[in-house]
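My notes follow in the order I took them.

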Amino acid sequence: MRDSAVKMLNDGINPESVAEWKAEQQRKAEDEYLLLSMLGAGGGSHINQSDLDVVAGHPTTPKTPGAGVLDAEVRLKDFASKIEAGTAGSEAEIVHRAGMYAEPGYGVFETIRRDSHQRMAAAKGLNLQELNVLDDGAAHCRAGSFTLSCPQCTAAGWTAIGSLPDVGLRSCGPMCRCHLIFRIAPKDKPT
Ligand SMILES: [Zn+2]
Ligand SMILES: [Zn+2]
C-alpha cells in the first residue's frame with residue numbers, strides 16, 4: 001500500500017492518478033480481507049455467511065467505529081478527496097497514512113477467528129472464555145463516549161467468549177493491535 005502511494009506521488013497528484021490509486025487500494029483491501037477471513041476461520045471451506053458479513057463490514061458512524069470493506073471504501077474516498085484537494089498533508093504523511101490501509105484487515109481476521117471459536121464451542125458443547133491481550137508495542141487507547149478502551153478489555157480478565165468488543169471496534173478503531181486468547185472455562189471457577 002505504501003509503494004503505490006509513492007508511485008502516485010511520483011506520477012504527480014491529479015484526478016486520474018488518485019482515482020487509480022484509490023481503485024487499487026479498494027481491490028487490495030477486499031482481497032486481503034477475504035484472505036484473512038479464510039485464515040481466521042481455519043480455511044476457506046469453513047467460511048460462512050456471517051464471516052462474509054464481517055468482511056463486508058459497515059461504515060463508521062458517530063457512535064460506532066467501522067470495519068470491513070464498506071468502511072475501507074468510506075475512508076479511501078475521504079482520503080482520496082483530501083489528496084486531490086491538497087489537504088492530506090505532506091508527502092511523508094500521505095505515504096504513512098496509505099500504509100495504514102493495510103491494518104483494518106487485522107480486525108476482520110480477529111473477529112472471524114473468534115467467531116470460528118464460538119462455532120466450534122457451540123458444536124462441541126464447550127464453555128469457552130476469552131482474554132484480551134494488549135500488544136507490547138502499541139500505544140494504548142482511552143475509553144471514548146461510546147467505546148471501551150483496550151486496557152479496559154484486558155482488565156475484564158477471563159470472560160465468556162463473545163462478551164468483549166471486537167478488535168477494531170474499540171476506541172482505537174482500526175489501529176488496534178490486541179489479540180484474544182481462549183480457554184475452556186475452569187469447572188471450579190464458573191464466570
Ligand atoms: Zn485500543
Ligand atoms: Zn487494542
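I looked up the contact of helix α2 with helix α3 and found Y33, L34, S37 and A41 in α2 meeting D51, V54 and V55 in α3; I counted two residues as in contact if their C-beta atoms, placed from the backbone, lie within 7 Å. By class, this contact has five nonpolar, one polar and one charged residues. For the classes I took Ala, Val, Leu, Ile, Met, Phe, Trp, Tyr, Cys and Pro as nonpolar, Asp, Glu, Lys and Arg as charged, and the others, Gly among them, as polar.

The model is predicted: local features need pLDDT of at least 70, side-chain atom pairs count only at pLDDT 80 or more, and totals for chains, interfaces and linings use all residues. Residues are numbered from 1 along each chain as its sequence is written, while chains are lettered from A and ligands numbered from 1 in the order in which they are written.

I read helices (H or I, at least four residues) and strands (E, at least two) as DSSP runs, numbered from the N terminus.

Next I took the axes, which are lines fitted to C-alpha atoms, for helices over the stretch in contact, with angles from 0 to 180 degrees between N-to-C directions. The axes of α2 and α3 (residues 49–56) come within 10 Å and cross at roughly 140°. That makes α2 oblique to α3; angles under 35 degrees count as roughly parallel, over 145 as roughly antiparallel, 65 to 115 as roughly perpendicular and the rest as oblique.

I then turned to helix α4 (residues 68–85), whose axis comes within 10 Å of that of α2 and crosses it at roughly 160°. The two helices are therefore roughly antiparallel. In their contact, P15, V18, K22, Q25, Q26, A29, E30 and Y33 of α2 meet G68, V69, A72, E73, L76, A80, I83 and E84 of α4. These residues divide into nine nonpolar, three polar and four charged.

How far apart are the end C-alpha atoms of α2? They are 39 Å apart, which agrees with the 39 Å that its 27 residues (15–41) should span at 1.5 Å a residue, taken as 1.5 Å times one less than the number of residues.

I also checked burial, where a residue is buried if 20 or more other C-beta atoms lie within 10 Å of its own, exposed if 12 or fewer, and partly exposed in between, with C-beta atoms placed from the backbone. Buried residues in α2 include V18, W21, Q25, A29 and Y33. Just after α2, G42 takes a positive phi of about 80°.
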